[in-house]
Amino acid sequence: RELGIFVTDIKVNWFSAAFWGFYPMEKDEAGNAFYWSGGDSAATFDPEKNTNIRLRCLSSEHPNSLDLLVDGNLVKTFELSANWKQFDLEKSLKEFFGDSYVSKKIIVQFRAGSSVSPKELGISEDSRDLSFAIQWVE
């Protein structure tokens, strides 16, 4: 399957980040920006700007897991559903690295358990393989 890779430098009011492996920005019914990923992806994380993300998978019929990695180390596995769940990234990093944790700008990698297209699930004609969606939260 072909994965659409989208690389950009985004600016969302208070936040600027480099993203790899995400599709272009979309908006939900309330006008909130989010990004779909088709699998492995990465983003810069700046704890001085934001520590919370919201994550979801495509459908409750296709739940998904999502690994968070830093420098190749598995920091946390998130269990996703079709509903948005909020996670504190910095808290997860502190729990994993303990006393050696240094609050600084880093690149975090996301590795999804699987992907599926909305077309395969009969949701829409969208044939992109989607693993998870992400929103940055103030």
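A pocket here is an open set of grid points, on a 1 Å grid, with protein on both sides within 12 Å along at least five of seven lines. The model is predicted.

**Exercise 1. The second largest pocket**

Task: State how much space lies in the second largest pocket, and sort its lining by class.

Solution:
- Start with the volume. The second largest pocket holds about 190 Å³ of space.
- List the lining. Val70, Asp71, Phe97, Ser100, Tyr101, Val102, Lys104, Ile106 and Ile107 line this pocket.
- Sort by class. The lining has 6 nonpolar, 1 polar and 2 charged residues.

**Exercise 2. Helix 1 and its ends**

Task: Find which residues of helix 1 are buried, and say how they are arranged around the axis.

Solution:
- Apply the cut-off: buried means under 20% relative accessible area.
- Read off the residues. In helix 1, residues 89–97, the buried ones are Leu89, Glu90, Ser92 and Leu93.
- Look down the axis. The buried residues of helix 1 fall within an arc of 160°, so they line one face of the helix.
- Check the start. A side-chain oxygen of Asp88 comes to within 3.1 Å of the backbone nitrogen of Glu90.
- Check what follows. Gly98 comes after helix 1 and has a positive phi, near 60°.

**Exercise 3. The largest nonpolar core**

Task: Identify the residues with the most contacts inside the largest nonpolar core, and the element that gives the most to it.

Solution:
- Count the members. The core has 25 residues.
- Pick out the best connected. Leu55, Phe110, Phe132 and Ile134 have the most contacts inside the core.
- Assign elements. Those giving two or more residues include strand 2 (15–22), strand 4 (33–45), helix 1 and strand 10 (132–137).
- Find the top contributor. Strand 9 gives the most, with 4 residues.

Note on methods:
Residues are numbered from 1 along each chain as its sequence is written. This is a predicted model: local features need pLDDT of at least 70, side-chain atom pairs count only at pLDDT 80 or more; totals for chains, interfaces and linings use all residues. Side-chain values use heavy atoms; hydrogens and water are left out. On a 1 Å grid over the protein atoms alone, a cavity is a set of points where a 1.4 Å probe fits but cannot get out, and a pocket is an open set with protein on both sides within 12 Å along at least five of seven lines; lining residues have an atom within 4 Å of a point. Grid points are joined across faces, edges and corners, and a volume is the space filled by probe spheres set on the points. Ala, Val, Leu, Ile, Met, Phe, Trp, Tyr, Cys and Pro count as nonpolar, Asp, Glu, Lys and Arg as charged, and the others, Gly among them, as polar. Buried means under 20% relative accessible area, exposed over 50%, partly exposed in between (1.4 Å probe, protein chains only). The arc is that of the directions from the helix axis to the C-beta atoms. A polar contact is a pair of N or O atoms within 3.5 Å; within protein, one must be able to donate a hydrogen and the other to accept it, and residues adjacent in sequence count only if both atoms are side-chain atoms. A nonpolar core is a set of buried Ala, Val, Leu, Ile, Met, Phe, Trp, Tyr and Cys residues joined through side-chain atoms within 4.5 Å.
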